[in-house]
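Biologist: I am new to this structure and would like a short tour. May we begin with how far the model can be trusted?

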Amino acid sequence: MFENLQEKLQRAFKSLRGQARLSEENIAEALREIRLALLEADVNFKVVKELIDRIQAKAVGQEVLTALSPGEQVIKIVRDELVETLGKDTARMKFASQPPTVVLMAGLQGSGKTTTSGKLAHWFKAGGHRPLLVSVDVYRPAAREQLKVVAQAVKAQIYEGEVGEANTATVERLVKEARREAIVSGCDVLIVDTAGRLHIDDELMNEMQSLKKLLNPSEILFVADAMTGQDAVRSADEFHKKLSLTGVVLTKMDGDARGGAALSIRQVTGQPIKFIGVGEKYDALEPFHPDRIVSRILGMGDILSLIERAESQIDKKKAEEMATKALTGAGFSLEDFRDQLRQVKKMGSMKSLIGMLPSIGPFSGLQKAADNVDEKQINRVEAIINSMTMHERNHHEVINGSRRKRISRGSGTTVQEVNNLLRQYAQMKKMFKQMGKPSFARRMAGMKLPGM
Amino acid sequence: MIQTLFGSTEEKKTGLFERMKQAVTRTRENLAERIEEVVSFGKEIDRNTLDDLEATLISADLGSTTTQEVLGKLRDKADRKQIKDVQELKRLLKEELLAILNAANTTPVQRVSGTPEVILVVGVNGTGKTTTIGKLSQVFRAQGKSVLLCAADTFRAAAIDQLEIWGKRTGTEVIKTKPGGDPSAVLFDALQAATARKTDYVIVDTAGRLHTKTSLMSELDKMRRTAQRIIPGAPHETLLVMDATTGQNGLQQARQFTQSAGVTGIVLSKLDGTAKGGVVVAISRELGLPVRFVGVGEKVGDLLPFDPKEFVDSLFE
Ligand SMILES: Nc1nc2c(ncn2[C@@H]2O[C@H](COP(=O)(O)OP(=O)(O)OP(=O)(O)O)[C@@H](O)[C@H]2O)c(=O)[nH]1
Ligand SMILES: Nc1nc2c(ncn2[C@@H]2O[C@H](COP(=O)(O)OP(=O)(O)O)[C@@H](O)[C@H]2O)c(=O)[nH]1
Ligand SMILES: [Mg+2]
Ligand SMILES: [Mg+2]
């Protein structure tokens, strides 16, 4: 794992203490670090340039605040700028005045259009609508079959039709038929899944334009993969030029991609990111939160979505308890630690979870540890805690040398492993305490405070 | 073995390389132009020139670490040799990139003669695994080899049907199970059938999975162990299919898939778009994984062998 941006900035700003204002000179190094962080997160390099210019313009001349460290102060400026770029509004779907509302899916091959069509059908249904699905991907093998399976899975209606020849004429006929079907069967939303296409494929881009003319869609959604690199601007730009997109869905956000493409795409299209895809299941569609992805892009973790994910997958009450305990720093015992490990195990990947935590100070150690941790190791840690008495679990400081020996014997581990665990636990406890402190709370929440 | 797959006749080779060059040149035009632009302006190599070169490599998805390393070396050489000539600078830059790609040469396990060669195809969701398998199958069939396809993506909707269509297109039988079935079980069936029939190649399609999902990654490990039990040394080759549009996350993908699934080579797909696929340079540099093939379209013939020299050369043509 790379060094956290905040740590780097702190270093870059050592020389700044005692100076009254941020100046072009004294923030140069910090801006270089920010630039690298953004590039590493796959934000397009031209977009990075523009962002850095804007950040510089905002930062230079600002008074060095006493409340925040200069590093924090710059992070706040960066964060505000990125959040603003991504757009603050929580996006909504537009509906046609005359049903059916048509949603046209667009994007490169394999970006997630078909899956997202299913997720949207599910989402519309949950909102009390009656969606009709249709696939006009007559090109990719079994693409239409795929949407059929998806429709069954989400229990949504689908218009199948007959393909005949795989060409644009067929595609046009299919959408016309589907639209008629929607009206006849009283569906108020028509979701049109299309074949993946390259933005430089004129023939297929023309087909898209013709679909747009035929359908007059309320939404044309560009479905893009969160792992996309520098090319995101090219494809998004071309799609937008030819189709005037109305929104973006960023898929595969359940991975560990930093998601810099979000910034690139938003910057070149100016269109809001409406949803993110967070899994292969059909309910794995979430509204987009600019502030969260900004933390992710900057490598500052995302406590909020960690807690949210914990909530959705674990016993909710327990998660709340854990979060309160952790955030107030009130006695986070080894017992709680074990609980948490069990939950982590339940949730699957420890690494991706810890990756969502900011890697400041003690966290960075944790992340490094996580890289070496596997499920077997979690089991060993569990065994160690199991071998402790209740008193020891709640008062770790009593665990002296001879107790350590006993615990290691009881759990079939080595004293070294017991030591490691206790060290890790102490780190975690310390970090939670810090999180509870006002300075940390402000650091997390302060990003949203106006002015400062 | 698999590397020499396309080398059957000299004539064919030229044709393929020509096509690869075209495909790559098309996508690289921008990069080449920009480098040209950048280096021909400056009379001497100053800091600005190198900064612009950096932007150029970064925009090709090489990532800042690799870019910085390559440019660092270039800087040193340029300083040492007092190079101010644009062409010479380009040549040196090419050399650096080529050195990285050439150093990557993990070799697949040799098969025991008389047993099938097993090729496991893995990658994150939607990168082009199934399509690549269809194309690969065509390549082997054209060489007169017998091939069995194994539909071990039992998870994604209609994934089996998709592979079956590729099977029909290339005249290859597909061993399958019902949707939702156990991937290792169908692999077991396929390998037994292949052993009995003395099939030359078995190509295994797997469900796309994010490298962060531990349980899905250990499923791949289980499949490998299954393969090993039936055919010694299998899987002989494990290909990671990577979408050329992938950014820096590609490195993480390569790391994790190598760790869990023992990747031996990369297929860089969708190079017919405008994306540069430069992350493979970073991957070669860090993990020593070679790129074996590039995908340049959705048709059955759109798979080409990767040649580092052609690849790097075409960057600057
Ligand atoms: N332009 C282009 N498209 C490709 C290429 N290779 C694959 N595709 C397309 O990319 C999309 C995804 O390809 P698949 O072969 O289904 O990918 P996969 O990795 O098997 O996908 P999952 O099994 O869903 O994870 C399809 O629309 C393919 O037609 C290529 O080289 N160029
Ligand atoms: N992990 C994950 N996989 C996704 C997500 N969205 C789509 N996929 C997968 O990505 C692959 C390609 O998706 P598909 O919908 O077929 O893409 P299309 O070619 O654009 O229609 C499939 O394997 C999907 O299961 C997501 O949000 N997370
Ligand atoms: Mg599709
Ligand atoms: Mg597939």
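Modeller: Confidence is given here as pLDDT, the predictor's confidence in each residue, on a scale from 0 to 100. This is a predicted model, in which local features need pLDDT of at least 70 and side-chain atom pairs count only at pLDDT 80 or more, while totals for chains, interfaces and linings use all residues. Residues are numbered from 1 along each chain as its sequence is written, and chains are lettered from A and ligands numbered from 1 in the order in which they are written.

Biologist: What is the mean pLDDT of chain A?

Modeller: The mean for chain A is 82, and 74% of its residues reach 70 or more. Over residues 302-308 of chain A the pLDDT is below 50, and this stretch has 14 contacts in the model beyond near neighbours in sequence. Two residues are in contact if their C-beta atoms, placed from the backbone, lie within 7 Å.

Biologist: How many residues does each chain bring to the contact between them?

Modeller: Chain A brings 35 residues and chain B brings 33. On the chain B side, helix 6 (159-170) is one of the helices that supply at least two residues, and helix 6 of chain B gives the most, with four. Helices (H or I, at least four residues) and strands (E, at least two) are DSSP runs, numbered from the N terminus.

Biologist: Changing topic, at what angle do helix 8 and helix 9 of chain B cross?

Modeller: Their axes cross at roughly 40 degrees and come within 8 Å. That makes helix 8 of chain B oblique to helix 9 of chain B. Axes are lines fitted to C-alpha atoms, for helices over the stretch in contact, and angles run from 0 to 180 degrees between N-to-C directions. Angles under 35 degrees count as roughly parallel, over 145 as roughly antiparallel, 65 to 115 as roughly perpendicular and the rest as oblique.

Biologist: Which residues make that contact?

Modeller: Helix 8 of chain B contributes Met217(B), Ser218(B), Leu220(B), Asp221(B) and Arg224(B), and helix 9 of chain B contributes Gln256(B), Ser260(B) and Ala261(B).

Biologist: And the sheet: in what order do its strands run in chain B?

Modeller: Eight strands form an open, mixed sheet in the order 3-2-4-1-5-6-7-8. Strand 3 (173-175) and strand 8 (303-305) of chain B are the edge strands, each pairing on one side only. Two strands pair if DSSP finds at least two bridges between them.

Biologist: How do strand 7 and strand 8 of chain B pair?

Modeller: They pair in the antiparallel sense over three bridges, and Gly295(B) stands opposite Leu303(B) in strand 8 of chain B.
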